[in-house]
Amino acid sequence: MKFINVGYGNMAAAHRLIAVVSPEAAPVRRLIQDARDAGRVIDATCGHKTRAVLVTDSEHVILSPLMPETIAARIDGKTEEKDS
């Protein structure tokens with residue numbers, strides 16, 4: 001099982017991720033709100049701005065302070081250690 005750093009020392013299981021998307025689009029914002037209402041949001045931003053939204057196969061939504069490109073590089077095995 002491979003874990004990736006999603007910001008500030010928080011880890012997520014890479015094999016459980018379905019999508020890594022930017023939070024700016026209205027459908028993604030609705031996805032976050034629906035998950036928040038259902039109690040399925042995991043906020044890993046530590047109070048910082050959300051820059052990426054990770055969707056898991058269990059319908060949990062993980063909010064990350066890292067850019068989607070950074071998370072994708074970490075999933076691919078390239079280490080981009082720029083925690084913001």
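Modeller: The bridge partner of glycine 7 is asparagine 10, which belongs to strand 2. This is a predicted model, in which local features need pLDDT of at least 70 and side-chain atom pairs count only at pLDDT 80 or more, while totals for chains, interfaces and linings use all residues. Residues are numbered from 1 along each chain as its sequence is written, and side-chain values use heavy atoms, with hydrogens and water left out.

Colleague: What makes strand 1 and strand 2 a pair?

Modeller: Strands pair if DSSP finds at least two bridges between them. Strand 1 and strand 2 (residues 10-13) are joined by four bridges and run antiparallel, so they meet the rule of at least two. The hairpin they form has two residues between the strands.

Colleague: How many helices and strands does the protein have, and in what pattern?

Modeller: The protein has two helices and six strands, in the pattern β-β-β-α-β-β-β-α along the sequence.

Colleague: Why is serine 64 called buried?

Modeller: Buried means under 20% relative accessible area, exposed means over 50%, and partly exposed is in between (1.4 Å probe, protein chains only). Serine 64 has 0% relative accessibility, so it counts as buried. Its place is in strand 6 (residues 61-64). Contact means heavy atoms within 4.5 Å; beyond four places in sequence, the contacts of serine 64 include Val6, Thr45, Arg51 and Ile71.

Colleague: How do you know that the side chain of serine 64 makes a polar contact with leucine 66?

Modeller: A polar contact is a pair of N or O atoms within 3.5 Å; within protein, one must be able to donate a hydrogen and the other to accept it, and residues adjacent in sequence count only if both atoms are side-chain atoms. A polar atom of the serine 64 side chain lies 3.1 Å from the backbone nitrogen of leucine 66.

Colleague: Proline 65 comes next. Is it buried or exposed?

Modeller: Proline 65 is buried, because its relative accessible area is 1%. It is placed in the loop between strand 6 and helix 2. Its C-alpha atom is 4.8 Å from that of threonine 50, 15 residues apart along the chain.

Colleague: Which residues make up the largest nonpolar core?

Modeller: Eleven residues make up this core, among them Ile4, Val6, Leu17, Leu54 and Ile71. Strand 1 (3-7) and strand 5 (52-56) each supply at least two of its residues. A second, separate core has six residues, including Ile32 and Val53. The term nonpolar core stands for buried Ala, Val, Leu, Ile, Met, Phe, Trp, Tyr and Cys residues joined through side-chain atoms within 4.5 Å.

Colleague: Why is strand 1 described as largely enclosed by the rest of the structure?

Modeller: Because four of its five residues are buried.

Colleague: Which strands form the open sheet, and which are its edge strands?

Modeller: Four strands form it, in the order 3-5-6-4, with mixed pairing. Strand 3 (17-21) and strand 4 (41-43) are the edge strands, since each pairs on one side only. Neighbouring strands are turned by 20° against each other on average, direction ignored. Helix 1 (residues 26-38) packs on the sheet, and its direction makes about 115° with that of strand 6. Helix 2 (residues 68-76) runs at about 145° to strand 3. Axes here are lines fitted to C-alpha atoms, for helices over the stretch in contact, and angles run from 0 to 180 degrees between N-to-C directions.

Colleague: What sets tyrosine 8 and glutamate 59 apart in phi?

Modeller: Most residues other than glycine have a negative phi. Tyrosine 8 has a positive phi of about 55°, and glutamate 59 has one of about 70°. Tyrosine 8 is partly exposed, because its relative accessible area is 31%. Glutamate 59, at 52%, is exposed; its place is in the loop between strand 5 and strand 6.

Colleague: How do you know that the radius of gyration agrees with a compact globule?

Modeller: The radius is taken over C-alpha atoms, and the globule rule is 2.2 Å times the number of residues to the power 0.38. With 84 residues the rule gives a value near 12 Å, and the protein has 12 Å, so the two agree.
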